[in-house]
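Hi,

Here is the structure I promised to send over. Have a look at it first, and then read on for what turned up.

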Amino acid sequence: MVSVQVVAHPTSDLDSSLLLLNFSGAEFLFGRFSEGIHRALADHGPVKLSRIRQVFLTGQTTWTQLGGLPGFLIGVSDTAVKNGLRVFGGRNLPWAIGTLRGVQFRQKIEVDVRYAEKEIVNKFMTVLPVELILDEIDGLVDAADDGLSCKIESILERIRSTDTVQSDTFTRRLLLPDTRSSSMCYIIQPHPTPGRFNVMQAQLLGVPPGPAFGQLRKGLPFITASGTVVTPDMVIEPVEQAERVIVLDLPTNAFITAATKVDWLRTLQTSSPIDTCELSTVMHILGPDIDPYSEQYTQFMKSFPSTCKHLLAHPSYVPDTITVSRSARLRTALGLLSPTKFPQSHTASERKDLLRSDMAIIPAIAEPLTYSLDLDDLRKQMSSAIADTAPSLAARIVQQDELRQSSPSDVECICIGTGSGSPSTFKNVIGTIVRIPSREGYDSVLLDCGEATYYSLRRMYGAAGVVEILQEIKLIFISHMHPDHHLGLLTFLDAWTQVMGSGVIYLIAPVNIQIWLQDWSQIYPKLTVGLRFIDAEHLTAANSPYDPTSIEQLYDAIDLASIQTIPAVHCQPAYSIILSTSSQFKLAYTGDTRPNQGFAAAASNSTLVIHEATFDDALLADAIKKQHATVTEALCVAKEIRAQNVLLTHISPRYPVLPDFMCVEVQQRVLSARQVLAYEDKHGEFLVRDISEDDKKWCENVKVTIAVDGMVVKLSEMGDQVGWTEMVQAAGSLGIL
């Protein structure tokens with residue numbers, strides 16, 4: 001028995017269309033894996049990640065369509081090994097995995113990745129890949145290297161290993177094997193399901209349990225003690241025929257003609273004699289430029305049997321539902337207390353209605369739509385419910401609502417993602433924008449760019465608002481090569497390029513990032529045109545004389561007075577960054593690190609310190625082992641710096657909604673630091689000292705804020721998070737979260 005269900009459709013914060021085939025608990029996914037897909041599947045819907053056996057990627061081998069695959073594989077890596085997970089896709093898929101050779105994964109990913117070049121047969125179904133290849137050829141084409149189609153770890157090790165004495169793996173790009181424009185589609189033929197053995201009927205006919213049952217199941221007759229001949233058809237129900245499913249992925253109009261030339265109802269070579277070619281469902285994953293009601297496409301759809309159902313996965317014909325609903329509910333609840341810090345998420349205007357047709361065409365919408373939210377109604381429901389159950393909170397809501405007014409021009413932090421390691425329901429991976437006022441508006445800096453950073457921004461600000469944000473970005477800083485800090489960079493830069501055209505953007509990052517971007521520039525040729533890359537190592541004190549033209553131009557672009565990177569105490573290479581503007585604003589960002597005395601010295605008297613606080617103090621041993629910082633360690637580093645404002649971020653998913661340390665008592669933490677940090681390693685030893693009167697005065701004046709996804713906070717608003725924990729508790733008790 002097989003069920004067919006749409007589990008993802010394209011929205012502002014997710015660019016995926018996915019179809020789930022469930023064979024009584026064995027699950028198979030077909031479609032696009034954009035950034036954010038693992039978080040979406042984990043948050044809602046019928047997909048059980050531990051039950052996924054195989055993934056079939058559709059469409060083109062572009063980062064837009066498979067950028068969520070690395071994060072997905074990291075998230076399911078433990079169960080994937082147990083289930084023998086395999087991923088199939090286009091001929092360039094092994095190359096795409098090879099581009100990750102510079103990524104520092106925390107664990108091995110033992111998952112098979114294969115070019116789907118021929119029929120794929122398992123006990124549940126036969127899948128025929130159909131690769132639509134356009135006639136025009138953009139460059140030299142070589143046959144796909146199927147030798148790379150194996151476990152991801154083997155692919156990466158093979159690429160990392162070279163026969164040369166001095167490996168140049170990271171100084172040259174990995175050539176794209178096939179430059180033809182192609183798109184992968186699939187014909188899926190589920191195998192017939194054997195009929196159920198009717199035990200009660202067999203016993204009534206005199207068949208004893210045991211070997212006799214097995215004999216009948218094998219198709220052999222059985223003679224009872226009374227001489228009655230019992231044949232299999234008397235006790236076994238008829239075979240259940242399963243109908244065919246087709247998944248089409250046509251990114252542009254150019255692929256329609258290619259699709260019309262395919263015999264989609266052909267008999268598969270490995271089909272059973274009793275397989276049926278009857279077609280039940282066709283899923284149409286279409287690019288935005290395709291008009292599904294054009295004469296050409298209508299005729300193509302009519303070429304399929306009139307009895308089949310057409311699922312239309314087109315961004316203009318599906319609702320812009322919020323993908324991770326519980327996170328949106330949290331932001332809405334906190335927005336009641338702090339409306340200026342949590343602007344309401346945007347949803348696109350109404351999508352197009354399907355036109356009347358004599359064909360069964362329905363929008364390919366993920367089901368169940370438990371995450372479909374009307375945010376205005378939700379806010380009203382929350383206000384009403386809390387007024388009845390939590391009067392003290394209700395009074396604060398009224399007060400905040402009356403005080404709502406825009407703050408004057410000020411430095412502003414946009415907390416896009418605040419989590420660590422991998423995405424979770426309430427926290428996406430790390431990404432922070434600091435908007436610095438300038439003569440022309442804002443000069444903005446993006447600090448790390450985890451998976452789905454761009455899509456999260458698009459949800460926060462809408463299509464028009466995100467364009468303004470992109471136009472302000474002058475500098476991107478990537479601290480290190482762990483995937484949660486940079487897998488959103490390709491999509492972000494591609495979106496920036498589409499908005500800015502011939503503009504210039506600066507990127508400070510480890511050198512492996514540059515090679516990664518060069519690999520993908522073979523598919524996105526405009527990606528690096530306006531990009532000015534600066535190796536983070538060249539801005540360290542040890543390399544301070546290194547001052548190329550791009551660094552000089554960077555100073556002018558955001559009116560810098562100084563900029564410096566500091567080697568972080570984390571994986572190698574990893575960096576923190578400190579910059580000052582001519583307007584006396586000083587920003588210090590740690591990235592991932594243990595407490596770092598060199599960073600504290602260089603960041604002295606910073607206006608804003610953004611420090612990682614992955615763990616609370618009880619997990620100091622974990623912080624030391626994984627080279628992260630605890631809350632008290634972060635506060636003590638800020639104390640040494642004499643920071644005016646502190647934003648704590650990169651919070652472990654073990655704190656699911658709001659962290660236990662939400663209401664930070666700065667003075668209490670700092671005063672008790674000697675006891676809390678009694679088992680410090682060598683990196684944190686400089687924090688363990690007697691507290692001076694100046695330290696106490698700093699504790700009284702500093703403004704500390706815990707970062708929350710979707711929070712927008714100006715420096716003038718830092719430090720006020722009173723009532724947030726109470727609000728979450730109230731929302732939870734009301735079933736809102």
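Let's begin with a term: two residues are in contact when they have heavy atoms within 4.5 Å. In this predicted model, take the contacts in the protein chain between residues at least 6 apart in sequence: 74% of them join residues at least 24 apart. The chain has 737 residues, and 57% of them count as buried. You will find 25 helices and 28 strands in it.

Go to Gly 462 and you will see α15 bend by about 110 degrees. This helix is also mostly covered, with 14 of its 20 residues buried.

Next, the second largest pocket. Rolling a probe the size of a water molecule over the atoms shows where empty space is left. The second largest pocket holds about 650 Å³ of space. It is lined by 31 residues, and those closest to its centre are Ile 74, Arg 106, Ser 420, Gly 421 and Ser 422.

Which helices each supply at least two residues of this lining? They are α3 (69-75), α4 (77-83) and α20 (620-626), and α3 gives the most, with three residues. By type, the lining has 10 nonpolar, 14 polar and seven charged residues.

Enjoy exploring!

Best wishes

Note on methods: Residues numbered from 1 in each chain as written. Predicted model: local features only at pLDDT ≥ 70, side-chain atom pairs only at ≥ 80, totals over all residues. Heavy atoms only, no water. Bend = angle between axes of the 7 residues up to and from the residue. Helix = DSSP H or I, 4+ residues; strand = E, 2+ residues; numbered from the N terminus. Buried < 20%, exposed > 50% of the residue type's maximum accessible area, 1.4 Å probe, protein only. 1 Å grid on protein atoms, 1.4 Å probe; cavity = no way out; pocket = protein on both sides within 12 Å on 5 of 7 lines; lining within 4 Å. Points joined across faces, edges and corners; volume = space filled by probe spheres on them. Nonpolar A, V, L, I, M, F, W, Y, C, P; charged D, E, K, R; others polar.
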